[in-house]
Amino acid sequence: MDEFVINAASPAIVTNQGLEQAVSFFSEQTCRHLLVLADPYMVQIGLADALKKLAGTKLSVTLFSDFQGEPKIGPTQKAVDLARAAGADAVLGIGGGSALDMAKIVKTCLNGGQDVSHYLMQANPLPENRDVLCVVIPTTAGTGSEASGTNIITLENGHKGWVWGPQTKPDLVILDPGLTVSLPPDLTAWTGMDALVHAFEAATNHYTHPGAQLYAHEALRICRTSLPLAVQVPESLSVRRDMLLASYYAGRAIDMVSCSIAHALSHALASLGPIHHGLATALGFEASLPFVVAADTNNMRSAARAFGVFHLADLPDIVSGFMTELNISRALPPAFADKTADDLLAVLLAEEMQPMRQACRVWAEEADLASFAATLFDPERAAA
């Protein structure tokens, strides 16, 4: 019998009082100086000000929101430097996956007394101490960063790097559906597809096991019914709560067994130009799914059933229809106008992409990767 570990995740609270819960947690832990990493939009709508008001005299609050898109090594190091200057003993990440990943990396650097580059790509062991505490509050339902020990960061050469390990996980996860209601329909669809792909890849890849599948299958079930509703009825707190749970469950699943080929395509696209991670992942999933399901494994059939599909061969067409129902355009952003499928293939063959490539249940040869890239850059597909 194969052995596997259902690893412990950070405690998670589902609440409609996310900010209050965060301040209460830090106060109970006698923290005094809080660094807040918040998406710029969260600052615009007054969330940071509300947090400072709640903190009152209990916590001094330092805000960092000078970042956009996926975390980059420069802004992340600036956040570390700011936290050190402020004497931060607590870190709060609030926003999408970028804010959460940055918060976890900053917390790790503070606990280890090192800069970001020290921990990239497992160059050095992560610190075991937890003197600096971290809470994360996702305001999108998709990345699963709140449940994962993997943190994406863009390197100086534009390629993707990682800081990963259980030591990076937050000390508390707060799921507040009210903070996701303002997410526009396109971002709701893109981030939801990210959760769906996390779940499918975790349930079917080379490293999958029953522990990961427990969470992944539930995430797939939720996404099939709740993601269209989240797009169509954005004010529904119950639907928003369900999608936060789907994201969290899928995040726990990939934390155990990794992502696979669709995420290799997603990260490769992001290395070529600015594109939302959820959109890139959805496009990569659709392009590679016929190849993946051709392996026709028991795990794939089980995952398809969790998504409500009882004939595995039908899954690619049903996923495409699902994406159309969510109004997801197949076109790459204008920034990709001067890029080609060959450019994408070159990134897919880079060393940092190989772990996700190897996780795929069936090995994708270079010709297969070239086929995926050609599909993503097909102008007829984009125009459909």
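Let me start with V136. Its bridge partner in strand β8 is V173. Keep in mind that this is a predicted model.

What about the faces of β8, buried or exposed? The strand runs over residues 172–175, and both of its faces are covered. L172 and I174 point to one side, V173 and L175 to the other, and all of these residues are buried.

Next, two residues in loops. As background, most residues other than glycine have a negative phi. S258 is not a glycine, yet its phi is positive, about 80 degrees. Where is S258? It lies in the loop between α8, residues 237–257, and α9, residues 261–272. Its relative accessibility is 28%, so S258 counts as partly exposed.

The second one is D296. This residue, also other than glycine, has a positive phi near 50 degrees. D296 sits in the loop between α10, residues 277–293, and α11, residues 298–306. How does D296 count in terms of accessibility? It counts as partly exposed, because its relative accessibility is 42%, and the partly exposed class runs between under 20% for buried and over 50% for exposed.

To recap: β8 has both faces covered, and S258 and D296 have positive phi values.

Notes
Residues are numbered from 1 along each chain as its sequence is written. This is a predicted model: local features need pLDDT of at least 70, side-chain atom pairs count only at pLDDT 80 or more; totals for chains, interfaces and linings use all residues. Side-chain values use heavy atoms; hydrogens and water are left out. Buried means under 20% relative accessible area, exposed over 50%, partly exposed in between (1.4 Å probe, protein chains only). Helices (H or I, at least four residues) and strands (E, at least two) are DSSP runs, numbered from the N terminus. Two strands pair if DSSP finds at least two bridges between them.
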